[in-house]
Amino acid sequence: MTTPLWKRVIGRILQAILALVFIAPLVWVIVSSFSPQPGSAQTDGWGVNNYVTLFNYQAGLPAYLFNSVVISLITIVLSVVICTMAGYSFSRFEYPGRDLGFMVTLSILMVPYASLLIPLMVWYSQIGLNNTLVGIGLVITLFQLPMSTFIMRNAFDAIPRELEEAAMVDGCNSLQALIRVLVPVVKPSMVTVGLLAFLEAWNNFMIPLYLAGSDNTPLPLAMVNMRQQTMGVIDYGATEAGVVVLMIPAAILFLALQKYYVKGFTAGAVKG
Amino acid sequence: MTSVSKQPSTGQMRKSKAKADATRRGLLYALPDWVMIVALFFVPIVLLVVMACSRWSLMGGNRGWNFPENFIEVFSHPLLGQSILFTLEYTVIVTIFLLVLGLGLALIVQESSKWNNVLRTCFLLPSATGLASASLLFYALYSPQVGPVTKILSFFGLMEDGGSVLATGQSALWATIIVIVWRFSGYYMLLMMIGLQSIPGELYEAARMDGASTWRIFRSITLPLMKPTIVMCLVYCVTGSILAFDQFFILTKGGPNNATMTVVELIYNFAFDSKKDLGMAAALSLLVLVALVIINSIQMRGMRDNTK
Amino acid sequence: MVSFNKVTRTLAGIAAAALLVPLAACGGNGGGSTASADIPAEGTDDGTEITLWTRSPLERQAQAVVEAYNASHENQVKLEIIPNDDMEGRVGGASQTDSLPDILAGDVVRIPYWASEGIFADITEQIDGLDNLDDIQQGHIEAGTVDGAKHTLPFITDVSVWVWNKDLYEQAGLDPEQGPTDIESFTEQAKAVAALDKDGVAGSYLAGQSGGALVFKLFPSVWADGETVMNEDGTEATLTNDSFKAVLDSYRELANTDNGLGAGSKEETGATWTAPFANGNIGVMPYPNTSLNDIFDAEASGGFEVGVTPIAGTSGNTSTFLGGDAMGISKDCKNVAQAWNFLHWLMQSDTQAEVFAANGYTASNIETLKTAYEDADPRIQTINSTIIDGNGQTPKSSAFNEAFNAAGSPYQLLIQNYVWGSGDSLEADNQAITDVLAQ
């Protein structure tokens, strides 16, 4: 049943080409952000002028990065805590309204956030959350709930009940059992949830577009704004530099945590 | 909270006490989730319904009830039918591509080896970029000024020199689909891979013993057993595509000549561009919401039938 | 960054808000409210931070204005540039959440709608109190006038003129010093450049997907002939007149000529519509004067030479589109007196001369336009003459954005159908615009 060598070689070559197709745009954008291009800050020779333009754009790159980091942190912490607790609840306790809670959480997936943002704008100004980083983080968290709660519930489902029952017998209450015994086991899924939350919060631009004022603008929104800074000329160089700056942290974290990511998904889907 | 437990009948006191306890704890752990849902999901939805039935302009605010005027205006808008058709066309194409590619890639990298791990990483890496940055990236790639796409296509005589692939409705549609396929294939590959791994290896071995061909194994074992995963991917993909916004917002803004106007783009357009009417935007949002609930419950039924 | 400074600012904000509550309470709805009679004629200059929004096309001029103000005042203006396409959404969102900037400058064609929706504070008293009111470009004041209440003043004036590339004219055997004088010569000259058959070079250029650029470029020819684009109230489109047909025929002819219209004209969304000419690839086209400064700079450092002349109609009379940004004090402004200080300062002839004339930008004050440009480039004087002669117009309709500017607007479809399409649906397309205007 072994495949002949030539077939495998051709297969490998085709696979390599396919992989290159996926990687090529990323390589291209990194290379061209440093390369000379007409209509950008980097017209002669190679260099970092596009990044200088980016750095000095309006409030400055550090301010936008700061906003992005704060929004990401808020989203990560909230998503991990809320979804772990909710997943625990939906997996481990039998009570009326449990399935309802789970279904309602999942139903968030069905709602376009473009349409929720309109009432949210009005609602936020009523409760004083308009134009705040916390407010933005909360909305991004909301849209993380369905997928992440799903992952966490399945992660808890995959753990044999005996594990926590043993802990309970040892005198732990359910919270202690959760923190001491279960959390270490579902950690890969929690890392997945955190990573998903980070990727979403770091990259989202629609939600800040409506809910953030100029002093709370995160990086992706600033990039989309910068693209058409001057009518008639698009500074593609600075746009490319912006894409690279946005991409690098996400890619690094993603590569570093890839194992967790896949593992978390696997644990999440055992009982898919 | 409504911790309604059954009346304790004799001899079941302990059991029902444990039950009440479970209810209390269960609700407590789910509380943050519920708070989020009530405050940021239920309230806005109620507000959405109110807005859909009110004269509510973007800058002027609420000016009282006007049901069903917003709905009539939405239905009589010339772009509505066109945008629904376009959204469906886009959804069908994207869903087919992503599911087929996702499954195909998953089959390629399914077995764990060094080489496959490298491939997996390559396919997954685009998923780490945001939809906004992916769109911006391709916006640059497609631009006739700096991007290679125009040069390559015009070298092969497939398009005019200095033209843009975003220039006509059809090519803009495909250009956007490429962005989405590039960005999401890895993600669906991952979901499919997990489905594949849950298929017991013995089944394959048994089939091979019986001398079944690869194609036969795929058709008779892989596909049927993958159905729950495929349906799950289908639900995600259809929902995501019907709600397509970011990519079109950045790449085409619904143009050229409204040819790539999706329904959610139209909501944005009603709210912030042409009409500046939040009432109309809310009315259309509500219709989209109802449509999605119906579509998804049909799909979910497919999933449930199978898992029985 | 978050530290003490922010705390004090928040406290100051709360204090200011507390002071404003009684003010807002007596204001009433619609047509703006917060303006009070207590504003000194010249406003207050006490070191307050004032926020200002304007559109990205005018970034260069806006920066110059703000720098000049900040250098000479205690108040500090914080400028934010908003992408042209996002302006409506951003203003709408901010007005929903009561977070509009103190001073809001926006495309003058969008101002009537904003003013009628109550985005701006009523500053009739202050505007009427200006000593040189009559010298100020009136189109930007009228745009923000609702039922006699004035809300806006000109921030930056942007007009459209015909520009031509003298280098390309010379190669095409045309007189490089003689630009077009009417639609016919415009078409001829564009075709002559097209006939060069040079790689990437075209006769003219159109922004086929940008309603905003298309009104800016094409309407002046109609006005030059004494025709109209809308009826008086802005409720009916009148684009079936012969003048506009002549303009459309000219572009249709160019579209059917090899290299007549630059590649991408049909698809241009307005994001890059000034670039092909700036890169030296277009023979002749209508152009915004605010974008010419960059070309003049490039010319000084060895770029191609550019000619400027007013836009004409079929008869040879000229006109222009009085565009740009008008500014007003927003309904959410917490420092009305300080904001007025900025508006008042900018309206002074000295300021206009210092900020605009000295930099080669176009002023919004007729007196300044007449007197402060003696040493300026004659082409800048040509630009100014289009404002001074009073032939320029600003279209006014509260549904203007939806009918003309918005992406995919009926006006955009009219142009697409006539220039690149069958060309026989003008009546129906005009009616489609009217349908929007009339609502």
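Predicted model: local features only at pLDDT ≥ 70, side-chain atom pairs only at ≥ 80, totals over all residues.

Q: How are two packed helices described, and where do α1(A) and α4(B) meet?

A: Two packed helices are described by the angle between their axes and the distance between the axes. Here helix α1 (residues 5-34) of chain A and helix α4 (residues 114-128) of chain B have axes that come within 9 Å and cross at roughly 35°, and the crossing of α1(A) and α4(B) is left-handed. From α1(A), the residues Q15(A), A19(A), F22(A), I23(A) and L26(A) meet L119(B), C122(B), F123(B), L125(B) and P126(B) of α4(B). By class, this contact of α1(A) with α4(B) holds 9 nonpolar residues, 1 polar and no charged.

Q: How do strands of a sheet pair, and in what order do the 5 strands of the open sheet in chain C stand?

A: Strands of a sheet pair through backbone hydrogen bonds, either parallel or antiparallel. In chain C, 5 strands form an open sheet with mixed pairing, in the order β2-β1-β3-β12-β6. Because β2 (76-82) and β6 (152-158) of chain C each have a single partner strand, they stand at the edges, and one side of each is left without a neighbour in the sheet. Neighbouring strands of this sheet are turned by 20° against each other on average, direction ignored. One pair is antiparallel, with β3 (residues 103-107) and β12 (residues 323-329) of chain C joined over 5 bridges, and I103(C) has I329(C) as its bridge partner in β12(C).

Q: Which strands of chain C do helices α2 and α3 of that chain lie across?

A: Helix α2 (residues 59-72) of chain C lies across β1 (49-55), β2 and β6 of chain C, and runs at about 170° to β2(C). Helix α3(C) lies across β1, β2 and β3 of chain C, running at about 150° to β3(C).

Q: How many residues of chain C are in contact with chain B, and which element gives the largest share?

A: In this model, 22 residues of chain C are in contact with 23 residues of chain B. The largest share of the side of chain C that touches chain B, 4 residues, comes from α3(C). By class, that side of chain C has 6 nonpolar, 11 polar and 5 charged residues.

Notes:
Residues numbered from 1 in each chain as written. Chains lettered and ligands numbered in written order. Contact = placed C-beta atoms within 7 Å. Helix = DSSP H or I, 4+ residues; strand = E, 2+ residues; numbered from the N terminus. Nonpolar A, V, L, I, M, F, W, Y, C, P; charged D, E, K, R; others polar. Axes fitted to C-alpha atoms, helices over the stretch in contact; angles between N-to-C directions. Left-handed = near helix turned anticlockwise from the far one by under 90°. Pairing = 2+ DSSP bridges.
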